[in-house]
Amino acid sequence: MIESQSVTDALRIAAERRHNCGFFFDFDGTLSEIRDDPSGVEPVAGAVAAVAEIAEHIRTVAVVSGRPVEFLRKHFGGLPVRLYGLYGMESLDERGTLWTDPEVVPWISAVADVAKRAVTELDPDILVEDKRLSVALHYRTAPHLRAQVERWGGDRAAEYGLAPLPGRMVLELKPPIRRDKGGVIRSATRDLDCVWYFGDDLGDLPALTALADRAEADPGFEVFRVGVSNPETGDQVAAMTDVIVASPRDLVPLLRKAGQAFTPSHT
Ligand SMILES: O=P(O)(O)OC[C@H]1O[C@H](O[C@H]2O[C@H](CO)[C@@H](O)[C@H](O)[C@H]2O)[C@H](O)[C@@H](O)[C@@H]1O
């Protein structure tokens with residue numbers, strides 16, 4: 001458990017402002033350990049319970065992920081937690097209303113085509129994750145194939161008009177619409193005056209940037225950013241966070257502490 005004055009101070013402020021505070025979580029590499037096979041990934045032990053406890057006491061809790069909402073719902077469905085999937089191309093609010101950005105619909109057939117071609121044209125060691133509104137080309141188990149993924153992905157992006165999005169040992173191809181975690185954070189935090197963000201990956205940078213911009217423009221806005229350490233994203237994420245935890249497992253004690261700090265007997 002990280003013990004630092006900045007965490008203690010930020011928790012105290014969040015507890016004071018809990019009725020106007022939001023906690024936003026990335027999923028892979030933050031609430032779950034990185035695994036070779038994305039389909040078998042589960043949140044780390046204790047993470048969902050800790051998130052649920054926090055959600056009982058503060059205004060907004062959300063998971064903001066590159067995963068589809070359908071995947072996130074398996075773990076967080078039924079909790080008062082908003083789910084933003086596919087970098088904000090779809091979302092599920094606390095009442096269970098599913099929204100898909102209508103701008104992505106015309107791109108579904110292009111994504112399906114690219115996903116099908118990826119399976120036949122790329123080396124079989126590259127794992128193709130078809131997420132319907134985007135496709136992820138994973139080279140985690142075959143890092144030497146990164147150049148092939150980047151070349152093929154770049155060519156298909158140009159051919160179909162899709163946008164390439166690099167991540168941890170993965171290249172995603174998605175519709176070229178203006179949706180990313182930064183846009184999610186800008187709109188979901190508009191009415192909040194206290195926000196915590198937890199992330200580990202390149203896809204989290206727009207969210208961290210949006211929060212830095214808001215903090216600069218609004219001195220009354222309290223932001224606290226927690227990074228999860230990894231050897232793959234260099235120092236870009238670390239440079240934009242206030243504290244770093246060593247792994248998703250090490251995040252759980254901090255989340256439990258937050259849950260305790262928010263319970264009324266504590267505040
Ligand atoms: O925004 P996130 O919740 O972090 O999702 C980003 C991508 O995460 C997944 O890929 C990553 O995790 C996999 C499972 O541990 C790992 O095998 C892969 O190398 C990582 O890049 C997911 O599969 C993608 O669809 C998400 O976009």
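This is a predicted model: local features need pLDDT of at least 70, side-chain atom pairs count only at pLDDT 80 or more; totals for chains, interfaces and linings use all residues.
**Entry 1: Met169**

I started at Met169, which sits in the loop between β8 (163-167) and β9 (170-174). Met169 has a positive phi of about 55 degrees, although it is not a glycine. Buried or exposed, or something in between, for Met169? I get 18 C-beta neighbours inside 10 Å, so Met169 goes down as partly exposed.

**Entry 2: Leu86**

Next I looked up Leu86, in the loop between β3 (82-85) and β4 (90-92). Here too I read a positive phi in a residue other than glycine, near 50 degrees. Leu86 has 25 C-beta neighbours inside 10 Å and therefore counts as buried, the cut-off being 20 or more.

**Entry 3: α2 against α8**

How do α2 and α8 cross? I have the axes of helix α2 (residues 47-57) and α8 coming within 9 Å and crossing at roughly 25 degrees. Because that angle is under 35 degrees, I call α2 roughly parallel to α8. The crossing of the two is left-handed.

I then listed who makes the contact. From α2 come Ala47, Ala50, Val51, Glu53, Ile54 and His57. From α8 come Pro248, Val252, Leu255, Arg256, Ala258, Gly259 and Phe262. Sorted by type, the residues of this contact are nine nonpolar, two polar and two charged.

**Entry 4: the cores**

In soluble globular proteins, nonpolar side chains tend to be buried together. With that in mind I went to the largest nonpolar core, which has 50 residues. Which members touch the most others? They are Val51, Ile54, Val63 and Leu255. Helix α8 (residues 248-262) gives this core its largest share, six residues.

I took Val63 separately. Which residues does Val63 contact, leaving aside its neighbours within four places in sequence? My list reads Phe25, Phe27, Leu72, Phe76, Val81, Leu83 and Tyr84.

**Entry 5: Asp37**

Last, I went to Asp37, in the loop between β1 (21-25) and α2. I find 11 other C-beta atoms within 10 Å of Asp37, so I mark it exposed, given that 12 or fewer is the limit. I also checked Asp37 against His138: they are 101 residues apart along the chain, and their C-alpha atoms are separated by 9.2 Å.

Note on methods
Residues are numbered from 1 along each chain as its sequence is written. Helices (H or I, at least four residues) and strands (E, at least two) are DSSP runs, numbered from the N terminus. A nonpolar core is a set of buried Ala, Val, Leu, Ile, Met, Phe, Trp, Tyr and Cys residues joined through C-beta atoms within 7 Å. Two residues are in contact if their C-beta atoms, placed from the backbone, lie within 7 Å. Axes are lines fitted to C-alpha atoms, for helices over the stretch in contact, and angles run from 0 to 180 degrees between N-to-C directions. Angles under 35 degrees count as roughly parallel, over 145 as roughly antiparallel, 65 to 115 as roughly perpendicular and the rest as oblique. A crossing is left-handed if the near helix is turned anticlockwise from the far one by less than a right angle, and right-handed if clockwise. Ala, Val, Leu, Ile, Met, Phe, Trp, Tyr, Cys and Pro count as nonpolar, Asp, Glu, Lys and Arg as charged, and the others, Gly among them, as polar.
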